[in-house]
Amino acid sequence: MLTELDQLQAAALADIAAADDAPALEVARVRYLGRQGTLSALGERMKTLSKEERPAAGKKLNEVRTAVTAAFDAAAQGLSARAESSALVSVDVTLPGTPLLPIGALHPLTQLQDRAVQIFRRLGFALADGPDVDDEFHCFDALNTPADHPARNEQDTFYLPDGRLLRTHTSTVQIRAMETQPPPVRIIAPGAAYRRDEVDASHLAQFNQMEGLVVDEGITLADLKGTLEYFLRELFGAKTAIRFRPHFFPFTEPSFEIDVKSPALRGGERWLEVCGCGLVDPAVYDQVNQRRGDQAYDSEKYTGFAFGFGLDRLAMILLGLPDIRLLIENDVRFLEQFK
Ligand code: DAH
């Protein structure tokens, strides 16, 4: 019986070692360790042994069972490790993962604003900022806009109970910048503006503008033209035709509206108005000096130009949008196109 057990152990270990996949190993396990297996059969035969033989044989049987079980466990572990590493070999870890949540993107208006800011930064402009809730001084008086100007009408502007208002343009930031810094000034100020407009395909009550102001010695209309032509050609393409059309704004003299024309733009076979601009009216410097309590903005020494454009309008032209409301509706089917 003892020799038989030794032989059995040797045979079992050899079979286990030879099993090179999980089904083969299972066959070996059933053959030796299963309920109908060889070890069970030898266990049964134990009963037929004499009392003297039994303890030694029983001990041996247990040793063999332990050894075979251990060999089986080790082999099973080895096989599963091998399966795992061969599965890993076929995984290309350099492939992008499967995102659990779809990744968003910047809103097309934000993308456009970033682009515009980048272009002006190349020309040495710094970013400036001002509050959305401002007062009549910064929105109108300081910008040489008289009390009887229609923009000041309650029907045109959102007033707060305390007399403050939602700024109707970002031109307020011109004044705020000059209040806090002496010349030279070279700033752009993107931000929201508000008007009591009936919302339709081309009007929103809250929209986005970008203001610009340059004040320095020797600034002329040529600087204004050069700067804005550079900006508009960077944005709309080198072949864009640009027209400066005389206009009126209270805070600039002379003043212009700029139109662009390019067959590459939606509606661009006719002139499209994109921007207001002009040379800063000395009356604006007077208001600023009064607030500052000095003569930092001496209109005999300094001249400047200012401009303002609607970002939503530029977006409509550039992206070919038929309706401005697309920009605020948050319809993912629309937004997804600008990822
Ligand atoms: N603030 C004007 C508007 O909202 C735009 C504008 C025109 C800004 C001329 C300027 C400027 O700085 O010089 O319609």
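Which residues gather in a patch of negative charge on the surface? They are D156, D197, E198 and D200. This is a predicted model, so let us walk through it step by step.

## Two domains

The protein chain is divided into domain 1, covering residues 2-89, and domain 2, covering residues 108-338. Taken over C-alpha atoms, the centres of domain 1 and domain 2 are separated by 87 Å.

## Patches on the surface

Let us go back to the negative patch. One of its members, D156, is found in the loop between α6 (136-139) and β3 (165-166). D156 counts as partly exposed because its relative accessibility is 34%.

L88 has its place in helix α4, which spans residues 54-89. Is L88 buried or exposed? With a relative accessible area of 54%, L88 is exposed, because exposed means over 50%.

## Salt bridges

How many salt bridges does the structure hold? It holds 18 salt bridges. Here are three of them, with the distance from N to O.

| Salt bridge | N to O distance |
|---|---|
| R45 and E4 | 2.8 Å |
| E234 and R122 | 2.9 Å |
| R333 and D331 | 2.7 Å |

Start with R45, which forms a salt bridge with E4. R45 lies in helix α3 (residues 38-46) and E4 in helix α1 (residues 2-18), so this pair ties together parts that are 41 residues apart in sequence. Both partners are partly exposed: R45 has a relative accessibility of 38%, and E4 has one of 32%.

Next come E234 and R122, whose side chains meet in a salt bridge. This pair links distant parts of the chain, 112 residues apart, with E234 in helix α8 (residues 221-236) and R122 in helix α5 (residues 108-122). E234 is partly exposed, at a relative accessible area of 35%.

R333 counts as exposed because its relative accessibility is 65%, whereas D331 is partly exposed, with a relative accessible area of 25%.

Salt bridges can also be linked to one another. Which residues are linked in a network of salt bridges? The network is made up of R243, R245, E257 and D259.

Now look along the backbone for cis peptide bonds. One joins P183 and P184, with omega at about 5°. P184 has its place in the loop between α7 (172-180) and β4 (185-194). Another cis bond runs from E253 to P254, and its omega is near 0°. P254 lies in strand β7, residues 252-261.

The phi of N144 is near 60°, a positive value in a residue other than glycine. N144 is found in the loop between α6 and β3, and it is partly exposed, with a relative accessible area of 33%. N330 likewise has a positive phi, about 60°, although it is not a glycine. Where is N330 placed? N330 sits in the loop between α10 (311-319) and α11 (332-335). N330 counts as exposed because its relative accessibility is 55%.

Terms used: Residues are numbered from 1 along each chain as its sequence is written. This is a predicted model: local features need pLDDT of at least 70, side-chain atom pairs count only at pLDDT 80 or more; totals for chains, interfaces and linings use all residues. Side-chain values use heavy atoms; hydrogens and water are left out. Patches are made of residues with over 30% relative accessible area and no salt bridge: like charges are joined within 9 Å, nonpolar side chains (Val, Leu, Ile, Met, Phe, Trp, Tyr) within 5 Å. Accessible areas come from the Shrake-Rupley method with a 1.4 Å probe; for residues, only the protein chains shown count as cover. A salt bridge is a side-chain nitrogen of Lys or Arg within 4 Å of a carboxyl oxygen of Asp or Glu. Lys and Arg count as positive and Asp and Glu as negative; His and the chain ends are not counted. The place of a charge is taken as NZ of Lys, CZ of Arg, CG of Asp or CD of Glu. Helices (H or I, at least four residues) and strands (E, at least two) are DSSP runs, numbered from the N terminus. Buried means under 20% relative accessible area, exposed over 50%, partly exposed in between (1.4 Å probe, protein chains only). Domain bounds come from an automatic or database domain assignment.
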